[in-house]
Amino acid sequence: MLTLPIYLAAALAEIAGCFSVWAWWRQGASALWLLPGLASLALFAWLLSLSSADVAGRAYAAYGGVYIVASLAWLWAVEHRLPDRWDLLGAALCLAGAGIILLAPRGG
């Protein structure tokens, strides 16, 4: 399935773009961080439009579960904070919901 790699790439692009604003606003990084951040957010929007979902709202809803899991991976890999068991349980529930939204059989 091509949708999962697209969602993972979109999540990375969205998180990186939002983190650039976070770094500038909350951590005192240079405003130049905003330029790659804007490019990253544009890439995110384009990638999400490649989803195999039949309608945009369903694509965004299913993507949400992948985004949550990717955010926790970012928390661990970039911010050096381990997700706790509640983070992991919540992410698993969201990912299950995303799978149902995206993969459930739809009536005509």
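How many residues of the lining of the largest pocket are nonpolar, polar and charged? The lining divides into 8 nonpolar, 1 polar and 1 charged, where Ala, Val, Leu, Ile, Met, Phe, Trp, Tyr, Cys and Pro count as nonpolar, Asp, Glu, Lys and Arg as charged, and the others, Gly among them, as polar.

The model is predicted: local features need pLDDT of at least 70, side-chain atom pairs count only at pLDDT 80 or more, and totals for chains, interfaces and linings use all residues. Residues are numbered from 1 along each chain as its sequence is written, and side-chain values use heavy atoms, without hydrogens and water.

The largest pocket holds about 170 Å³ of space. A pocket is an open set of points on a 1 Å grid over the protein atoms alone, where a 1.4 Å probe fits, with protein on both sides within 12 Å along at least five of seven lines; lining residues have an atom within 4 Å of a point. The volume is the space filled by probe spheres set on the points, which are joined across faces, edges and corners. Among the lining residues are Phe-19, Trp-22, Tyr-67 and Glu-79. Helices α1 (3–27) and α3 (56–77) each supply at least two lining residues, and α3 gives the most, with 5 residues. Helices are DSSP runs (H or I, at least four residues), numbered from the N terminus.

Beyond its neighbours within four places in sequence, Ser-51 is in contact (heavy atoms within 4.5 Å) with Thr-3, Tyr-7 and Ala-59. Arg-85 lies 24 Å from Phe-19, C-alpha to C-alpha, and 66 residues from Phe-19 in sequence.
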